[in-house]
Structure formats: structure tokens, C-alpha cells
Amino acid sequence: MISHKLKKINSSINIKKNKIAIVVSNVTSTYSYLRPHLDKLSKLYDVTLLVNNDAPELLLEMEMPIHIIEVPIERKIKLATDIKTFFVLFLIFRKEKFESVHTITPKAGLLGITASFFARTPIRIHTFQGEFWKNISGHSRIFFIFLDKIVAFLSTNILVVSESERDFLIKEKILKKGQAKVLGEGTIGGVDLNRFVKDSKNRQLVRLKEGYLNNEIIFAYVGRLNSEKGLYTLMDAFSSVFSNYSNARLLIIGQDEDGTGEKLEYFSTKFASGVVNIFPFMRNPEKKLIIADILVLPSFREGFGLVIMEAAAMGITSIGSNIYGISDAIQDGKTGLLFSVGDCNDLGSKMKKLLTSKEERIKLGDFAYKRVVKSFSQDLVLKQFIKYYKSLPYKQFK
């Protein structure tokens, strides 16, 4: 049986505020990207977060003056559960009478937008941030495109996290021209420049502590561990690089989702100890990322690729798939390199190029750093986000 509970953290709010809801399908995304948004919004609105509590320990750490309603929103389609969750959301929306519902992540969008539409919530916002059906074909693709069209049709306002993703959604006839907005130059949350810091002295100290030599070149991947992130492509490419350059190293940080993590662990056993190091999800990945020379993001789909900007804030250049989202995060040949998606030979070639040219790594990393400071700081992105919320037609209280 599906149940939900309502709680409020650090409540001291007596002034009447507009009631808004944010709907997300997992705590990890909320913790990693949305905490600053919720904190800023809570100063202006009466905020409720509706989330699938798949990581209770992380949820407990999110101490903000907001309501939290736990709703089991499954990532994958489970018809019976999804129908029950739809009605739970519908009843919550009818009871709470939110003035806006904002959904982030695909399943939250489908259930949250449809439930809020039938509950007659006046403002219904959805953020598109990467379509998992992009790399599938046949009837499944047609079905999931149809579901996204429903979300777009029932939303009153639509945000997309990158220009290239918006172009893709228009091409697929999910969105119409002028229907969706990209805030600033993209991303959902921006980069916390107080956490992701360019610090060459600390970098050398951490590398020494971790046991890396000065001549070792470290490639890093940070993100979810699943097949759509292109990690099998990365494994093949790294094997090719290492066969020619024994000073190559690979650092992987992320939470296993579909057994890919187990295959990576097996892959690491093919090399001497310390060549491939794998770590689980970290609350502060910057503490490991600081040792990297090059970030690699070989995804088959990506809304933007915020980790590229986080690496850039530390002066680290990136190699990424030439797909929508990543092509916004990397300016090819200026802040990093793009490779043909799924092509391990092309990825290996780009990895070898940067491994052998310290001058090129530094040049690309410097341009990446300047770009992120100018256009992608968390403060700037949050200002754009709050400005957007203030532009919505909420009723005014006297």
C-alpha cells in the first residue's frame, strides 16, 4: 500500500506565502542539484518537496524550512504502482491547493503534471533534462515520445536545461518553437565555486596522499553507473590507451544502478592495483575530482552535463560525447574535446591526444575555467531561476 507523510523542517514561517510544490523521483538528484533552489525558494514561497525517499540518510541531511512529502515514484514503469502514485499525487494536490507544481525528472513529470492538471493546479512547470528514449527505437520509442508529448501539452510552463536539448525536442515535435525556455546559458543548478575550486597546491598534496606519481595522467568519470552513461565505451577506450601509455590512470565515482558497477569492478582487476580506482556515490566528489587531469563523460544521453562545469571550475578540461547537452557544456577545441558517441576508437584517440600534451590540457582547462566563472556559477544560475519564478503569475498577498 502506498502511503505518504508530511513533515516540516526548521519551520518559523507565519507570513502567508504562495504555496508551491517541487516533484522529484529520487533523493540523490534533489541532494546533488536542488538543495540551493529549495533553500532560495523557501525564503519567498511556502515550499513542499514531493520525493521518492530512496536515500533516507541524504533526506535527513536536507535541513531547510520546507515541507517534505514522501511519495514512491518509481524510475521504471510499473503500471499498478504508477496508477496508485498518480492518485496519491492527485489527492495531495487537491488537498494542499498549490499554486504551482514543478516536476523534475521524467517519471515525476509524467505523474506530477497529469495529476496536477486534473487537480486544477493553475501553474504546472516541467523541466526537461535528457530523454532516456533517445537511444531506443521501434514501438517503445514511439510510446515514450507520446508520454513526453502529454507532459508538454499539459504543462503551462516548460524549462529545458540546454539549447541543444530544446532544439532536439522541437525536432522530435514534442515542443513547439517558443514553448520552452532555457535559463541563461543552461544547466539546472550551476556550480558552487566555493566547493569546486582551482587549487594547484592542494591538488599536488591530495595526489601525493592518494599515491599518484607526477607523471601519471588521471582520467576521471563522475556520475551514475549505468549502461546509458557510455561506461562500456570508456572501458574499451581506456584499455586501448593503457596498452600504449602505462602512466594512464582511471578514477570512477558513482552509484551503481544496473549492474554496471559490478562490471567495472571486474574490469579493474585486469590491471595492476591502483590503475583503475572505483568509488561509490560521494557527497563531496570534488575531494577526489581535484586529482584528475581530464574528465571523461561518454554518455549516450545528457541534458547538460553539469559535472563538466564542476570539473572546469577546478581547471580540469573534459572529453565528452558529441550529443545534445554535452555539446553545450563543452566548446569543442576550446574548453574540451568532443568525440563521436559510442565510438571507443575516437574516444581513445582524444584521450591519447590530451594524455600526451600537457600544454593542450592546460590551455583547454584555463578556457573552461574562465567560462564557468563567467556564465555558470551557482549564484548566477540561481538568480536566473528565482527571477523566472518571480515572473510567474502568482496571486499577490497584501
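Predicted model: local features only at pLDDT ≥ 70, side-chain atom pairs only at ≥ 80, totals over all residues.
A cavity is a set of grid points where a 1.4 Å probe fits but cannot get out.

**Exercise 1. Describe the overall build of the chain: which counts of helices and strands does it hold, and what radius of gyration does it have?**

*Solution.* Start with the secondary structure: the chain has 15 helices and 14 strands. Next, take the extent: along the principal axes, the C-alpha atoms fill a box of roughly 65 × 50 × 40 Å. Finally, compare with the globule rule. A compact globule of 398 residues would have a radius of gyration near 21 Å, and the chain has 21 Å, so the two agree.

**Exercise 2. Find how many cavities of 30 Å³ or more the structure holds, then characterise the largest cavity.**

*Solution.* Rolling a probe the size of a water molecule over the atoms shows where empty space is left. Here, four cavities reach 30 Å³ or more, and the largest has a volume of about 110 Å³. Now list what surrounds the largest cavity: H102, I104, T127, L159, V160, V161, V182, L183, T187, I188, V381 and F385. Sorting the lining of the largest cavity by class gives nine nonpolar, three polar and no charged residues.

**Exercise 3. Work out which residues lie nearest the centre of the second largest pocket, and sort its lining by class.**

*Solution.* Begin with size: the second largest pocket has a volume of about 500 Å³. Its lining comprises 21 residues, and those nearest the centre are R203, A292, D293, G315 and I362. Two or more lining residues come from each of α7 (200–210) and α14 (358–375). By class, the lining of this second largest pocket splits into nine charged, seven nonpolar and five polar residues.

**Exercise 4. Decide whether α13 and α14 are roughly parallel or roughly perpendicular, and name the residues that meet.**

*Solution.* Two packed helices are described by the angle between their axes and the distance between the axes. For α13 (residues 344–356) and α14, the axes come within 5 Å and cross at roughly 100 degrees. Angles of 65 to 115 degrees count as roughly perpendicular, so α13 is roughly perpendicular to α14. Turning to the contact, K353, L354, L355 and T356 of α13 meet K358, E360, R361 and L364 of α14. Sorted by class, this contact of α13 with α14 has four charged, three nonpolar and one polar residue.

How values were computed
Residues numbered from 1 in each chain as written. Heavy atoms only, no water. 1 Å grid on protein atoms, 1.4 Å probe; cavity = no way out; pocket = protein on both sides within 12 Å on 5 of 7 lines; lining within 4 Å. Points joined across faces, edges and corners; volume = space filled by probe spheres on them. Helix = DSSP H or I, 4+ residues; strand = E, 2+ residues; numbered from the N terminus. Nonpolar A, V, L, I, M, F, W, Y, C, P; charged D, E, K, R; others polar. Axes fitted to C-alpha atoms, helices over the stretch in contact; angles between N-to-C directions. Parallel < 35°, antiparallel > 145°, perpendicular 65-115°, else oblique. Contact = heavy atoms within 4.5 Å. Rg over C-alpha atoms; globule rule 2.2 N^0.38 Å.
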